[in-house]
Amino acid sequence: MRGCLITVPLYAAGDLDSRDSGPKSKPSKRDSIRLALQSSSWYNSSLATSTRMLLHGRPFKLLMILVVATVLLLPDMWILCGVNSSLVLDVFLTFTLVLLTAETMALSATDAAYFLSFLSLMDVVGTASMLLDISFVFGRDSMKTSLFQNRAVGMRAFRLSRVLRIVRFLPKGPDHAGITTVMSAQLAHLVATRVASLTILLIVIIPFFGVFPQQNLPCQLWTDRLSADLEDKRLDDFQEDLDLMTGFFTNGYGPYDICGGKATRSAGQDTFKCLTDARTLSPSWTPPFVEAPQLASALHLHTDTLMISFNMHSYAQVEAAVSLASTMAVVFFMVVCSGAISGIVIKLAVHPLEGMLSIVRQIATTVFRFSEEVGADDEDSDEDSFSEMVQLERVVRKLAIIADLHTRNGIGHIEDMRDEDFGVLSMMRGKDVVEEAKADRSSLGPSTGRKKPKLSHLKLEDHIGMSQDVYTSWSVNCLGMPKAQHLSLALFTIARFHEGESFAASPEEATLKKFVQVLEREYLPNPYHNFSHAVDVLHGVARIMRLMSSEVLLSELEQYSLLIAAIGHDMGHPGVNNGFLSEVGHELALQYNDRSPLENMHCAKLYAVLAQPETDLFAAMSKVQLKEVRKIIIDAILHTDMMSHQAMVKDLQAMYQGNMEVFTENAEFNFESNVHTESEIEVLSQPATKVLIMNVILHGADISNTCRSWQVTYAWAHACIDEFFDQGDREKEFGIPVQFLNDRDTLNRPNSQIGFIEFMITPFLAAEVRVLRGLGGMATNLLVNIRKWEELWVQEARPPEEERHKVRTRVEKVQECMDQAMRRASVPS
């Protein structure tokens with residue numbers, strides 16, 4: 001059973017956001033790029049594989065963690081140790097920058113899960129942040145500003161993202177092999193990585209809240225005071241204040257140089273040019289401190305005329321020590337908290353799952369004890385050797401048979417069931433499911449016990465007046481056919497759908513002929529909703545089922561039900577729609593509470609005919625079959641109400657999106673092929689999906705006039721519009737609002753058909769073509785017809801060029817939509 005075996009992949013540290021957030025969602029551009037990378041020849045080459053294994057290997061990861069940890073701590077340690085030269089630090093940081101850049105590029109080129117992930121972005125920023133610690137990159141003066149230093153510390157925190165790889169070496173839960181080990185590792189890594197990433201982001205963001213440069217107020221005040229003395233030419237005061245400043249700074253930091261000059265501003269940055277040195281300004285002044293040994297330890301403050309340089313090395317060492325302690329504390333708490341939260345996740349999620357899977361193993365043992373197929377498997381392998389998910393897959397496959405029986409009211413895989421299984425089913429349903437299954441599986445073939453129909457020697461051309469080529473095409477035009485041809489075509493389509501090419505003449509044929517004749521009398525002579533339309537839809541249903549190879553999806557009973565629903569789906573139609581009936585308070589609207597009154601009436605009339613003995617097509621069916629047929633027919637006819645149209649479109653699109661990997665697994669999809677893959681059959685054969693498909697077949701045939709050959713499409717379009725106009729005339733008589741398509745005084749027929757195709761038919765047919773094979777011819781006809789309607793509109797309306805361009809754009813969008821559908825491309829958002 002496809003899809004039951006669950007595999008949980010192990011993700012690398014860069015995989016944080018590589019998983020899908022929801023099932024079968026539309027692929028993003030990032031996912032498309034990753035997919036393209038994975039499918040490239042380079043990605044699967046031996047060099048890429050070897051590189052990927054090296055980068056994800058434990059030795060390399062430990063080495064990189066050590067290198068990054070050193071780089072993370074080294075700038076502060078350099079300050080703390082008071083090293084006078086930055087050369088060695090710059091060389092080491094430059095070498096590490098090259099190494100980390102190479103690692104990031106290699107991971108991006110060989111690991112699709114890492115490429116464009118959250119952690120890859122953090123790695124890029126963290127690697128780039130190393131430029132802020134290399135003195136020769138931004139220059140000595142730039143790196144002296146406190147604002148620059150704050151930002152450098154904040155950006156440096158991005159390097160912690162590489163230290164995150166240490167969480168992969170934390171304990172991950174159960175030690176025994178099995179799916180729980182894989183899930184435990186994945187959950188632990190996911191939670192720990194997210195917690196650690198949040199911590200890093202907080203560390204990075206906090207320094208950026210300091211939007212104003214930090215200032216040392218005492219230093220700034222002394223600078224301003226001495227500058228004022230110098231500008232007012234109070235040299236004695238200047239010398240006195242200079243001595244006072246020298247005595248003020250005795251706590252580990254103070255001035256080491258002073259100069260006079262001129263401050264300038266260029267490109268938004270202040271610069272100061274010294275013109276007079278300290279000896280000139282004050283020959284007797286002796287600096288109390290020596291020059292700062294490092295860039296980060298020097299503080300330069302200036303006014304327009306004076307600059308004083310302060311040695312802040314002792315304070316820089318304190319800050320470096322605090323920074324070192326903070327970084328190590330963050331790493332420690334990040335690892336400890338990540339491990340603690342991972343343990344909580346394992347306790348709350350993995351351990352219960354482990355208990356559940358142990359129960360699955362017990363159930364599997366019980367289920368397999370009654371299974372013949374497992375007996376064969378046990379000859380080659382031991383029960384305990386299977387993983388939990390493999391056992392679960394086999395259990396689900398077994399239970400799926402029971403679920404299918406319950407959903408379909410029948411038994412399809414009797415050969416796979418034992419007496420114990422039937423006993424469980426009988427207990428659950430309160431009836432003998434074996435006898436019911438035997439009755440349900442007999443459809444309309446020889447197994448029903450009826451006499452096999454006799455075959456006459458009449459050719460198709462002799463009986464229904466058209467060739468085989470016409471009958472098996474979209475060129476059958478039921479409008480204008482004589483009554484006898486209508487009856488023959490309907491009888492032939494129903495009777496011959498399961499019986500080969502010769503016309504059947506048998507006792508059952510007489511009942512069918514009487515049934516068709518009675519139905520023909522029940523249809524009113526409307527311009528559109530008449531017996532011609534019923535036969536047309538019947539032929540459309542049969543044609544669609546033939547094209548899509550419905551026999552691989554639907555049983556004979558289900559196919560036959562759709563044919564009967566098609567011939568009777570508009571019985572007694574009055575030539576007006578549900579909106580009109582509700583607006584005028586018609587008795588049908590009152591009877592059915594304004595909920596699909598016409599469709600409910602059609603069902604009632606159809607079953608009134610079937611209730612008569614001479615027209616009872618289902619007389620030989622069992623109660624189970626009768627119930628199933630009635631459900632199919634009523635549900636399908638009710639869904640011909642246009643109010644259900646949009647819901648069916650959404651359901652088809654949802655089914656396609658939810659199973660996109662199935663419908664797009666064949667890269668060279670041929671829309672003309674009607675051979676469904678096994679995966680497609682499995683998806684389309686699900687009970688709920690089959691109901692949708694049957695409703696889509698009937699509704700699709702009901703609105704398929706736009707998908708026929710041009711001559712047929714043109715004739716039916718005018719018949720439909722004529723009926724709309726008749727309703728519009730009645731709306732005017734009743735004094736109620738005239739629906740837009742019903743006003744013969746304002747409607748342009750070709751333009752109305754362009755809109756009908758664009759807004760109503762195209763989304764439905766595109767969704768239908770995506771999931772059902774063999775319907776590409778309908779899409780091709782639709783594109784031809786909308787072009788024809790565009791030409792007619794131009795001829796009749798003679799619109800200005802601007803209007804022509806707008807309509808042409810709409811037509812091209814329809815073309816694009818159908819082209820995507822025929823390629824089974826993603827549904828446009």
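Predicted model: local features only at pLDDT ≥ 70, side-chain atom pairs only at ≥ 80, totals over all residues.
Visitor: Which residues of H35 are buried?
Guide: They are Gly 776, Met 778, Ala 779, Leu 782, Leu 783, Asn 785, Ile 786, Trp 789, Glu 790, Leu 792 and Trp 793. Buried means under 20% relative accessible area, with a 1.4 Å probe and protein chains only. Helices are DSSP runs of H or I, at least four residues, numbered from the N terminus.

Visitor: What do the buried residues of H35 pack against?
Guide: Helices H23 (531–547), H33 (710–734), H34 (749–771) and H36 (801–822).

Visitor: And what comes just after H35?
Guide: Arg 798, with a positive phi of about 45°.

Visitor: New topic. Where does UniProt place the "binding site" feature?
Guide: The unreviewed entry lists His 529, Asn 530, Phe 531, Ser 532, His 533, Asp 570, Asp 702 and Gln 753. Such annotations may be inferred rather than shown by experiment; positions follow the numbering used here, and feature names are shortened.

Visitor: Where is Asn 530?
Guide: In the loop between helix H22 (507–522) and H23. Asn 530 is buried, at 10% relative accessible area.

Visitor: What does Asn 530 contact, beyond four places in sequence?
Guide: Tyr 523, Leu 524 and Trp 716. Contact means heavy atoms within 4.5 Å.

Visitor: Is Phe 531 buried or exposed?
Guide: Buried, with a relative accessible area of 6%. Phe 531 belongs to helix H23.

Methods: Residues numbered from 1 in each chain as written. Heavy atoms only, no water. Buried < 20%, exposed > 50% of the residue type's maximum accessible area, 1.4 Å probe, protein only. Helix = DSSP H or I, 4+ residues; strand = E, 2+ residues; numbered from the N terminus.
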